[in-house]
2 protein chains.
Amino acid sequence: MSPPATPRYRQLADALIRDIEAGKYAVGALLPTEFELSDRYGVSRHTVREAFRRLADMGLISRRQGIGTRVQAKSAEHRYLASLSTLADLFQYTKRTRLKVLAEHEVKASALLATMLRCKRGQAWLQFDTCRYRIGTAQPISYTQIYVYPEYAAIGEHLAKRSVWVYGLVERYYGERIVEVQQEIGAVAIEPRIAAILGVKPRSAGLQVLRYYIGRGKRLLSVSMNIYPEKRFTISTSWKLEWERS
Amino acid sequence: MSPPATPRYRQLADALIRDIEAGKYAVGALLPTEFELSDRYGVSRHTVREAFRRLADMGLISRRQGIGTRVQAKSAEHRYLASLSTLADLFQYTKRTRLKVLAEHEVKASALLATMLRCKRGQAWLQFDTCRYRIGTAQPISYTQIYVYPEYAAIGEHLAKRSVWVYGLVERYYGERIVEVQQEIGAVAIEPRIAAILGVKPRSAGLQVLRYYIGRGKRLLSVSMNIYPEKRFTISTSWKLEWERS
DNA sequence: AAATTGCATTTGTACGTACATTCTTCCACG
DNA sequence: CGTGGAAGAATGTACGTACAAATGCAATTT
């Protein structure tokens, strides 16, 4: 029996991958055109496009109408992805939690705050100090400061009433879509005021998670700053290899 | 002027998405065949396939030769992805760092260690205590314990000589491919012994990062435990929305 | 000199056809 | 009654054609 014949577009794709990895086509350079390759390998343009599609999926090339096909990366080897099916998965506790709003006030960004919120000094923000509990327990999981634009003041109402997530409110009530979330994780000594709220020793170790919620056109929509006490919470992420060598 | 006409395959894809979200085709059910849709919408099979390809990329459907096209999910809405171009990006410091091996010994997993290493008690591991410096400075960035199987003892040589990453050595010298990395981040009070190495106050706040390196077939290849002192390091991740609603 | 127009190039969309491969179903044969 | 094989149905691969849309460049016009 013949070995399970590999399709032509696959063979062509593999050949191109080899060429790119061998440096025959440098990163940033243009590959031959579809017609050119179709000619050179004696296959139809359709087959070339199918091969290109594969390379594009792997992130090896990028294509632009009127320009051509450009090499984007030398290897698709080590590309690892982590995925969230919902933004709520960023917060990995179960749904059985409740948000309590401790305070709400309008603030003008001090120098320190301006750095954290990535804005100019004096920029006005609406700040919520909140606390999250597992339902049925008195001990909080986390302390959170949430910043939104003052225009979004109405969010305060909803936030107090229903224990939801801010980004959800921003999406629902202001028609903004959260396109990107930047997350910064560090360790901090929990300052006394917050330690009291969380019921831990002042200056004990805590996880600080800063999140920037970004909408269409790089517009910063909201910022949140979470503090999790030691041992009460860990963040886990799973990175998976996207493509396996054929 | 006519508005920038959306291609037919896009229109068809959108129609199908609407139908799926509306529940017209249930999750798990088969969609009409390519020919059927081609007929019904008066487009070529090629166009139907193009539309299906889009849905498949979004993870809404799965296709199997001889069977048909099955609905896999009701909505592709909130799917966010983070990507690493290399595993080295997990560690976000520049390449200008140096690894110093402080100690190397074989250990048998105690109850505590067994939990951390996800293995049975008594399992033998090779443990390296290491420390990472920015080149040219005396102050370490992080303290790291690395665990590998005793069979991989030869790694110690390379680790001491060249300042590389363990997973790279495992991949290179043992022909194992790291297919997945699970990461757990928490806050800890840095214990005195390690605090001394890092040059920080005992029991001050630190970031603890546990990483499980997993090979083909869920085989655990290596585990590392990092401690980063407060303020000296933050982990940043960017999550991007994979698909935008049209 | 600057702006505009038009042409050549390249990928995108869309139609058509044919056969291969994979899987299910059902009928006939042992 | 079970088993094998044929027929049918679905997606996969592969060929062909044609025109549309985006881009860059050169020629032309202002």
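In which loop of chain B is B:Arg118 found? In this predicted model, B:Arg118 is located in the loop that runs between α4 (111-117) and β5 (124-134) of chain B. The residue is partly exposed, since its relative accessible area is 42%, and its backbone has a positive phi of about 55° although B:Arg118 is not a glycine. Most residues other than glycine have a negative phi. A second residue of chain B with a positive phi is B:Lys231, for which the angle is near 70° and which is likewise a residue other than glycine. B:Lys231 is placed in the loop between β9 (220-229) and β10 (235-241) of chain B, and it counts as exposed because its relative accessible area is 67%, where the cut-off for exposed is over 50%.

Another loop of chain B, the one between β5 and β6 (140-148), holds B:Ile135. The relative accessibility of B:Ile135 is 48%, and the residue is therefore classed as partly exposed. When neighbours within four places in sequence are left aside, B:Ile135 is in contact with B:Arg96, B:Thr97 and B:Arg98. B:Arg45, by contrast, stands 90 residues from B:Ile135 along the chain, and the C-alpha atoms of these two residues are separated by 60 Å.

The packing of helices was examined next. Two packed helices are described by the angle between their axes and the distance between the axes. In chain B, the axes of helix α1 (residues 8-22) and helix α3 (residues 45-58) come within 8 Å of each other and cross at roughly 50°, which makes α1(B) oblique to α3(B). On the side of α1(B), the contact is formed by B:Arg8, B:Tyr9, B:Arg10, B:Leu12, B:Ala13, B:Leu16, B:Ile17 and B:Ile20, while α3(B) contributes B:Thr47, B:Val48, B:Glu50, B:Ala51, B:Phe52, B:Arg54, B:Leu55 and B:Met58. The crossing in which α1(B) passes α3(B) is right-handed.

Helix α3(B) also packs against helix α2 (residues 34-41) of chain B, with an angle of about 110° and with the axes 8 Å apart. Angles of 65 to 115 degrees count as roughly perpendicular, and α2(B) and α3(B) are therefore roughly perpendicular to each other. In this pair, B:Glu34, B:Phe35, B:Leu37 and B:Ser38 of α2(B) meet B:Arg45, B:Val48, B:Arg49 and B:Phe52 of α3(B), and α2(B) passes α3(B) in a right-handed crossing.

In chain A, helix α1 (residues 8-22) and helix α3 (residues 45-58) pack at an angle of about 50°, and their axes lie 8 Å apart. The two helices are therefore oblique to each other, and α1(A) passes α3(A) in a crossing that is right-handed. Among the residues of α1(A) that take part are A:Leu12, A:Leu16, A:Ile17 and A:Ile20, and among those of α3(A) are A:Val48, A:Phe52, A:Leu55 and A:Met58.

At the level of domains, chain A is divided into domain 1 (8-71) and domain 2 (87-229). The centres of these two domains, taken over C-alpha atoms, are separated by 46 Å.

Two residues of strand β9 in chain A were considered individually. A:Asn226 lies in this strand, which spans residues 220-229, and it counts as buried because its relative accessibility is 2%, the cut-off for buried being under 20%. The side chain of A:Asn226 is joined to that of A:Tyr228 by a polar contact of 3.5 Å. Not counting residues up to four places away in sequence, A:Asn226 touches A:Ser142, A:Tyr143, A:Thr144, A:Leu207, A:Gln208, A:Val209 and A:Arg211.

A:Val223 is also placed in strand β9 of chain A, and with a relative accessible area of 0% this residue is buried. Leaving aside neighbours within four places in sequence, A:Val223 is in contact with A:Leu117, A:Trp125, A:Gln145, A:Ile146, A:Tyr147, A:Leu210, A:Arg211 and A:Tyr212. Between A:Val223 and A:Val166, which are 57 residues apart in sequence, the distance from C-alpha to C-alpha is 9.6 Å.

Technical notes:
Residues numbered from 1 in each chain as written. Chains lettered and ligands numbered in written order. Predicted model: local features only at pLDDT ≥ 70, side-chain atom pairs only at ≥ 80, totals over all residues. Heavy atoms only, no water. Helix = DSSP H or I, 4+ residues; strand = E, 2+ residues; numbered from the N terminus. Buried < 20%, exposed > 50% of the residue type's maximum accessible area, 1.4 Å probe, protein only. Polar contact = N/O pair within 3.5 Å; in protein donor to acceptor, adjacent residues only side chain to side chain. Contact = heavy atoms within 4.5 Å. Domains from an automatic or database assignment. Axes fitted to C-alpha atoms, helices over the stretch in contact; angles between N-to-C directions. Parallel < 35°, antiparallel > 145°, perpendicular 65-115°, else oblique. Left-handed = near helix turned anticlockwise from the far one by under 90°.
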